[in-house]
Structure formats: C-alpha cells, structure tokens
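Please look through the structure below, and then follow the paragraphs after it from one region to the next.

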Amino acid sequence: MARREIMTITTILCDLDGTLVDSRLDIAVAFQHAWRTVFGGTPPSATAIAQHIGKPLADMLCELGGLLSPPLVSAFLPAYRRTYARQDACLTQLYPGVIATLQALSTFTLGIVTTKEPRQAEIVLRRLGLSPFFQHIQGSTPDLRLKPAPDTIFAALAVLHHAPAQALMVGDTPADILAGKAAGLMTCAVTYGFGRREALLQCAPDYVIDTFGELLTLVQKSNG
C-alpha cells in the first residue's frame, strides 16, 4: 500500500524482534526468570510481556510492574540480560520467507535498527544465520534516544554512508514507523509482528505488508 511518491530505494533498515524474528518465548523466559529472581512471586504472562516487546527493557518492566524503585530496576536489568544470554536465542524463530527475501535483496545496503543491546542482537543474528546479510547492526547505546526518536536510525545511516531520502525503515510497531518518518525515511509496517494493525495504520506508513516476502515485490516496484 503506497501513500506517497518515493525516490529510489538503496538502503533498507529492519527492526529485529517482530520483524525478522519471533522472539517472544526467549524474551518471556528471561523476563519471567529475572522477575522471580528480583521480586519473587508470579511474573507477568508471556502474552502480557509480548505486548510490550520493542520498547526499552526498563520501560517494559515499569509498564508491567508498576512503580518500582531504581535499585529494583537496576537489579532486574542484569538478571534479565544474563538469562537472555544463556538462552542463546534457542526459542527464537525466523518468520517465514526472511532468508529467501534477504538473499534476493543482497544488492541493497541492509542494516538492523533495534532497541536490543548490540550483544543481545548479535546473539539472535548469529544463532539464526542472519549476520552475513547486514552491513551494520545498530542496537541501543546510552548516548542515543531509542525509537520512536530518530537517533538510532541516523546513527545507522551515518555508518552506512547513505541518505535518509533513499532509505526504507521496516518494522512491526508504531515506534518503528514514527522513528522512520522522523528521520525522513520511507516506512513499511509489517502486520505479523507484535504491533497491532490498527495502531500501525494510524502512523500512516508508506507501505503495509502482511508477510516479509512482500518486501521484495514492493522494493522492485518502487525502483521501477
């Protein structure tokens, strides 16, 4: 679904969780284990956790746990990261068509822009054989505001030496689309991830696709 006239696409930036991979089980296991370790009691359900995937971890915790003291938040974050690393993305799965589509897009400059810390993103990409496809992995760092702010997108484009006007941001949450628009990119919402279709449409993305494989067709059509 196109919403505006576009320039030739040379660069494609992809979100990770909910766009390339279904990571909800690994995230839920790590989150629930850290919750039991730090707070005790019954942690949020996997379904409740999945509704917040794509947000910074501290924001996920506060939205699921309510008002928490800074020491508790500080204890939770490393507990989560340790468990997530031990999981080694063993429960994370590629969405259908991802590998074949990335292979077909090999002539484009491809990058990852994720709220995951770089080490966590690298675990997923290595485990699922995605690392060779991407020229840059832009994770969260202390000096950059995360999506929906455009900072991480600008940082990725700076490393890749590509202009926003010829880049496409692909993601499954409103934060992905809003960040792409704020950075001056074309945007493509995917409907199979963690974001609700209605919320994605309210952000007015340039494209909406229901499978990752549709990305190849829309890029080929946009480039004539």
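This is a predicted model: local features need pLDDT of at least 70, side-chain atom pairs count only at pLDDT 80 or more; totals for chains, interfaces and linings use all residues.

Helix α1 (residues 24-38) packs against α4 at an angle of about 135°, and their axes are 8 Å apart. Angles from 65 to 115 degrees count as roughly perpendicular and those over 145 as roughly antiparallel, so α1 and α4 are oblique to each other. Their crossing is right-handed. On the α1 side, the contact is made by Asp-26, Ile-27, Val-29, Ala-30, Phe-31, His-33, Ala-34, Trp-35 and Val-38. On the α4 side, the residues are Leu-72, Ala-75, Phe-76, Ala-79, Tyr-80, Thr-83, Tyr-84, Arg-86 and Gln-87. Sorted by class, this contact of α1 with α4 has 13 nonpolar, 3 polar and 2 charged residues.

The crossing of α4 and α6 is left-handed. From α4, the residues Tyr-80, Arg-81, Tyr-84 and Ala-85 meet Gln-120, Ile-123 and Val-124 of α6. This contact of α4 with α6 divides into 5 nonpolar residues, 1 polar and 1 charged.

The next topic is the interior. In soluble globular proteins, nonpolar side chains tend to be buried together. Here the largest nonpolar core has 54 residues. Within this core, the residues that touch the most other members are Ile-12, Leu-20, Leu-130, Leu-168 and Leu-215. What does Leu-215 contact, leaving aside its neighbours within four places in sequence? The residues in contact with Leu-215 are Ile-12, Thr-101, Leu-105, Leu-168, Val-170 and Ile-209.

Helix α8 spans residues 174-182, and its buried residues are Ala-175, Asp-176, Ile-177, Ala-179 and Gly-180. The elements that cover these buried residues include two helices, α7 (151-160) and α9 (197-202). Two strands, β6 (167-171) and β7 (186-190), are also among the elements covering them. Just after α8, Gly-184 takes a positive phi of about 85°.

A few places in the backbone deserve a separate look. Most residues other than glycine have a negative phi, and most peptide bonds are trans. Between Lys-147 and Pro-148 the peptide bond is cis, with omega about 20°. Pro-148 lies in the loop that runs between β5 (136-138) and α7.

Two alanines have a positive phi. Ala-89 is a residue other than glycine, and its phi is near 55°. Ala-89 is found in the loop between α4 and β3 (93-94). Is Ala-89 buried or exposed? Buried means under 20% relative accessible area, so Ala-89, at 0%, counts as buried. For Ala-204, phi is likewise positive, near 55°. Ala-204 sits in the loop between α9 and β8 (207-209). With a relative accessible area of 32%, Ala-204 is partly exposed.

How values were computed:
Residues are numbered from 1 along each chain as its sequence is written. Side-chain values use heavy atoms; hydrogens and water are left out. A nonpolar core is a set of buried Ala, Val, Leu, Ile, Met, Phe, Trp, Tyr and Cys residues joined through side-chain atoms within 4.5 Å. Buried means under 20% relative accessible area, exposed over 50%, partly exposed in between (1.4 Å probe, protein chains only). Contact means heavy atoms within 4.5 Å. A crossing is left-handed if the near helix is turned anticlockwise from the far one by less than a right angle, and right-handed if clockwise. Helices (H or I, at least four residues) and strands (E, at least two) are DSSP runs, numbered from the N terminus. Ala, Val, Leu, Ile, Met, Phe, Trp, Tyr, Cys and Pro count as nonpolar, Asp, Glu, Lys and Arg as charged, and the others, Gly among them, as polar. Axes are lines fitted to C-alpha atoms, for helices over the stretch in contact, and angles run from 0 to 180 degrees between N-to-C directions. Angles under 35 degrees count as roughly parallel, over 145 as roughly antiparallel, 65 to 115 as roughly perpendicular and the rest as oblique.
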